[in-house]
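Let's take a friendly look at the aromatic rings of this model and at what surrounds them. Please have the viewer ready.

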Amino acid sequence: MSCILVNHTTTFTSPSSFISKPTFILHHFHPKIKTSTFSLLSYTPQTPLLGLRNSNYLRYQIRCLTTNCGNNPSIVKMEGISYLSQRDAAEIDETLMGPLGFSVDQLMELAGLSVACAIAEVYKPDEYNRVLAVCGPGNNGGDGLVAARHLYHFGYKPTICYAKRTPKPLYSGLVTQLESLSIPFVSAEDLPSDLSDDFDIIIDAMFGFSFHGTPRPPFDALIQGLIAWQNYHLIGRKSSVIVSIDIPSGWHVEEGDNNGEGIKPDMLVSLTAPKLCAQKFVGPHHFLGGRFVPPAVVEKYKLQLPPYPGTSMCVRVGKPPQVDISSLRENYISPALLEEQVEPDPFDQFRKWFDDAIAAGLKEPNAMALSTASKGGRPSSRMVLLKGVDKTGFVWFTNYGSQKGSEISENPHAALLFYWAGLNRQVRVEGPVEKVSEEESERYFHSRPRGSQIGAIVSQQSSIVLGRQYLQDKYNELEENYSDGNVIPKPNYWGGFRLYPKVFEFWQGQASRLHDRAVDFIKGMRGLGALQGLRYSPVDSDGRQAWKIDRLAP
């Protein structure tokens, strides 16, 4: 996987089946710097290259556009990933627990949390809720016990099969923690013959990289039972998914599934670094967990490991599985949006839903898609942040010379879309747009972090620049100029816009695509009778404006 930042015009070929020739703008968010920062690359289609037998191959011009602000490089390049032998894996563990001061229980806690995070990344608890953790007597089994505890707190319902308990205090403590949560334990003999009847996820935590030899009872029977159960479900019956921790049980640590008759997990969560056998893994989901490898270990063993995203404890190894886009669908389960329950004023209804999004802890509930159009009607969209809302309208701030600013000056109408996936809700707003007062822009500009103020001065949004270093140098220069704490002047090309709503639509996802929609029509709108949903139509009531609500089809 490579991330390329292009500092000058270049060309490349790309297969395309588009009838038209679109322009792509790639935005890359930089999470580690103190201001909200994006790198932007513009891909513009050029004349097809001569000599290509497939005329659908286009040449794209790549331009580096200015960023919003920031000061960190954005190039990440993965040449490959290291796979450890059994000996190297053991040596790294000894180093971690020796001179580097880690304890067994620390590493086990981090490993189990990584496994739980990887499972939660792919298998959501609303669909894969029932978990069986089959745990062995060693550290791998301990990882499974810890993972089960974290999954419980993530909203799953784990059950433990701990066939051969270890009397050491560390493991006894883990059992006590699970029992205190009323997590059930089941013996190997009491497991159902068809695990899919009772469980959605099976965690294989029987043996890790230090295992040698042939599995002994009762684990030999457990492994063979899992294999037989998997083979039975190859005929097309719905099956539970198997998640193996570090090493699929029964596999050779370095050679993998030698005879091809072992457990075939749907997910493998490698720990510290993948072991050699992981090269033979062909399931759809391979994750690396254990965000604790110090630089000294990376350097000593020349490890190549993928960077962990954000604050995540796991990272996907390789490409995600290919899916049929047409088969992706969600059956929403939400409270009904009833006419008698909505607010009579659409601004109040928006505020109510916005407060719900904040209370639900959704990330950036004020993020909204802003759609504008040029004078000729060519549309464009991007994500921006809402910075104010009242009974007059919705406010955001930007560079007036950016594409959105230029299009609004030519065609002062826009549409906003808020999408709160965690609540199955979206709100669409349309209306004319005007600049806010200079005083309002000044007031907001100076409320921002100083780094963001400098970034607004540096970036001439959407204009072509020589490269990221050019922006970095300008940022550093201005940061030095204003290091004395003096007021940073707001540039005259930066300020706010306010959209005055003429149309609101409130959408609530429901089962079987029978979504609830509410369309609010502000006074003066005409010709929109074909729209469907819950319609708010203005009516005159004793000289005052009121709202009539009619339900429309989804």
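Rings of Phe, Tyr and Trp (its six-membered ring) pair if their centres lie within 6.5 Å; planes under 30 degrees apart count as stacked, over 60 as edge-to-face and the rest as tilted. By this rule there are 20 aromatic pairs. Two of them are set out here.

| Pair | Geometry | Centre to centre | Angle between planes |
|---|---|---|---|
| F350 and F394 | edge-to-face | 4.9 Å | 85 degrees |
| F397 and Y444 | stacked | 4.2 Å | 15 degrees |

F350 belongs to helix α7 (residues 346-359) and F394 to strand β15 (residues 393-399), so this pair ties together parts 44 residues apart in sequence. F397 lies in strand β15 and Y444 in helix α9 (residues 438-445), so their pair joins parts that are 47 residues apart in sequence. Helices (H or I, at least four residues) and strands (E, at least two) are DSSP runs, numbered from the N terminus.

F350 and F394 are both buried, and F397 and Y444 are buried as well; buried means under 20% relative accessible area, with a 1.4 Å probe and protein chains only. Ring pairs also link a cluster whose members include F350, W353, F394 and W420.

Charges meet rings too: R165 lies over the face of F185, 4.7 Å from the ring centre. A charge sits over a ring if NZ of Lys or CZ of Arg is within 6 Å of the ring centre and within 35 degrees of the ring normal.

This is a predicted model, in which local features need pLDDT of at least 70, side-chain atom pairs count only at pLDDT 80 or more, and totals for chains, interfaces and linings use all residues. Residues are numbered from 1 along each chain as its sequence is written, and side-chain values use heavy atoms, leaving out hydrogens and water.

Terms used. Buried < 20%, exposed > 50% of the residue type's maximum accessible area, 1.4 Å probe, protein only.
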